[in-house]
Amino acid sequence: MEIRDSDARTSGIQQNYPARSAIIGWIFFDWAAKPFFTLVTTFVFAPYFATHVAPDPASGQALWGFATAAAGLIIALTSPVLGAIADESGGRKPWIAAFGAMLVIGSCLMWFGKPGNVSAIPLLLLAYGIATVGVEYATVFNNAMMPSLVPPDNMGRLSGTGWAIGYVGGILSLILVLGFLAASPETGRTLFGLMPLFGLDPATHEGDRITGPLSGVWFVVFVLPMFFLTPDYPAKRPLRDALRQGLTDLRRTLAELMTRKQMATFLLANMIYTDGLVSLFAFGGIYAAGTFGWNTTQLGSFGVILALAAALGAWLGGKLDDKFGPKRVMAGSLLVLLASIVAILLVDKQTIAFIEVTPPMSNGAPFSGAAERAYLVLGCMIGAAGGPLQAASRTLLIRMAPKDRITQYFGLFALSGKVTSFIGPLLIGLVTAITASQRAGMAVLVVFFVSGLLLLAQVRDE
């Protein structure tokens, strides 16, 4: 299926939008991609890597931070170029397919990370980098399809719904892992009291390691509705010509930023607060595993709770976006995130805000300690604010960007979200390595949210 974008570029001509099935197909991309972030980046594989593959949690957090930084730098340097080429070549789907293959390959390689196998660390970090680059590139091109699907007044709801559906997909993938695949090494049973499917061995953490291949298979299956139902732009010119013209247009777009101060300020703000948000999500599970000693079941349960809050927040944020505008939604989300990260730094296993509390029982119920429950509440606040912030950010970009170069600007959007995305993980890794303190490493995120909020205040929501 194809649509023509000439109407979208010509003033005074009404654009015809595709059927509802096209929107549903597009939303399925978020459903397909989210389990990688939920299972691998945040709640299962990353904590497993830090606590069972790396020599110790602090060095594991540092290594994961360096790998995240490297992937972010690659994405930052190349996303605008790819976006410019796509705008000139036309179709988005071939790019999504190619980069989706990178996600699948990288995710499947994570199966080989056995506990205590330090020699596998380079392979795991390389696989994680390949998968991360792939999914982020694919997201750039998927986002660029949005303006052709709904009128501008419904863009916030579409963006919020996509994020919410993605979080639901992440929740279901977590439930699948916790209930049927990942078992406790002590009991040999999953969260549902079952033996793991496929004979997965709890002693070698095969239930944790399967999250990589599962994320890849999940993407392949659930991205198909987007390919079959959602129309694509028609091909315009051969790749070589598209490369030449795309780079020319990209230089023009970058030059325009010098005069488009509102866009430049927004992209700078997005660069900073996205770095903080991505780092917070990437290291939240690792931090909890090191601080409270949570196992896969507890981390996964925490992930389900957080993802539920995020799904609700993204859905509600989409409605608030259409009613009040994306800037207000983003500012409110940043305030919640800032308050939450400050509060998290005041929580450890035995204290909350320097006040001693009852520590968790070694053989007690999950989350039995007061500090653990406080961390759960703060995690829900982060989830509920993170979804609307990301969804409203792409809505604001669509409002501000020229429609005939939307993929270029989404490339710049990805650039602004990634050009310094290596700095957050790098700083967390460096501070954690220097101080041997996970809390000290996480404290650097406060600067990112404060700076992003101050810059966003200068952007006009028009």
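Predicted model: local features only at pLDDT ≥ 70, side-chain atom pairs only at ≥ 80, totals over all residues.
**View 1. Helices α5 and α6 pack against each other.** Helix α5 covers residues 93–109 and helix α6 covers residues 121–143. Their axes are 7 Å apart and form an angle of about 155 degrees. The two helices are therefore roughly antiparallel. The crossing in which α5 passes α6 is left-handed. From α5, the residues in contact include Trp95, Phe99, Met102 and Leu103. From α6, the residues they meet include Leu124, Ile130, Tyr137 and Phe141. In this contact 16 residues are nonpolar, five are polar and none is charged.

**View 2. Helices α7 and α13 cross at roughly 165 degrees.** Helix α7 spans residues 155–181, and helix α13 spans residues 296–324. The axes come within 8 Å of each other. With this angle, α7 and α13 are therefore roughly antiparallel. Their crossing is left-handed. The contact of α7 with α13 is made up of 16 nonpolar, eight polar and three charged residues.

**View 3. The largest nonpolar core holds 124 residues.** The members that touch the most other members are Met263, Phe266, Met442, Leu445 and Phe449. Helix α12, residues 261–292, gives the largest share of this core, with 16 residues. Leaving out residues up to four places away in sequence, Met442 touches Leu280, Phe283, Tyr287, Ile341, Leu345 and Ile428.

**View 4. Helix α3 is largely enclosed by the rest of the structure.** This helix runs over residues 45–53, and seven of its nine residues are buried. The buried residues are Phe45, Ala46, Pro47, Tyr48, Phe49, Ala50 and Val53.

**View 5. Phe28 lies in helix α2.** Helix α2 comprises residues 20–43. Phe28 has a relative accessibility of 26%, so it counts as partly exposed. Apart from neighbours within four places in sequence, Phe28 is in contact with Phe222 and Pro225. The C-alpha atoms of Phe28 and Gly166 are 7.7 Å apart, while the two residues are separated by 138 residues in sequence.

**View 6. Phe198 and His205 lie in the loop between α7 and α8.** Most residues other than glycine have a negative phi. Phe198 has a positive phi, near 60 degrees, and is not a glycine. His205, also not a glycine, has a positive phi of about 55 degrees. Phe198 is exposed, at 74% relative accessible area, whereas His205 is buried, at 11%. Helix α8, at one end of this loop, covers residues 206–209.

**View 7. The protein as a whole has 19 helices and two strands.** This last legend sets the close-ups in context. Of the 462 residues in the protein, 58% are buried. Among contacts with a separation of 6 or more, 81% are between residues 24 or more positions apart.

Terms used
Residues numbered from 1 in each chain as written. Heavy atoms only, no water. Axes fitted to C-alpha atoms, helices over the stretch in contact; angles between N-to-C directions. Helix = DSSP H or I, 4+ residues; strand = E, 2+ residues; numbered from the N terminus. Parallel < 35°, antiparallel > 145°, perpendicular 65-115°, else oblique. Left-handed = near helix turned anticlockwise from the far one by under 90°. Contact = heavy atoms within 4.5 Å. Nonpolar A, V, L, I, M, F, W, Y, C, P; charged D, E, K, R; others polar. Core = buried A, V, L, I, M, F, W, Y, C linked by side-chain atoms within 4.5 Å. Buried < 20%, exposed > 50% of the residue type's maximum accessible area, 1.4 Å probe, protein only.
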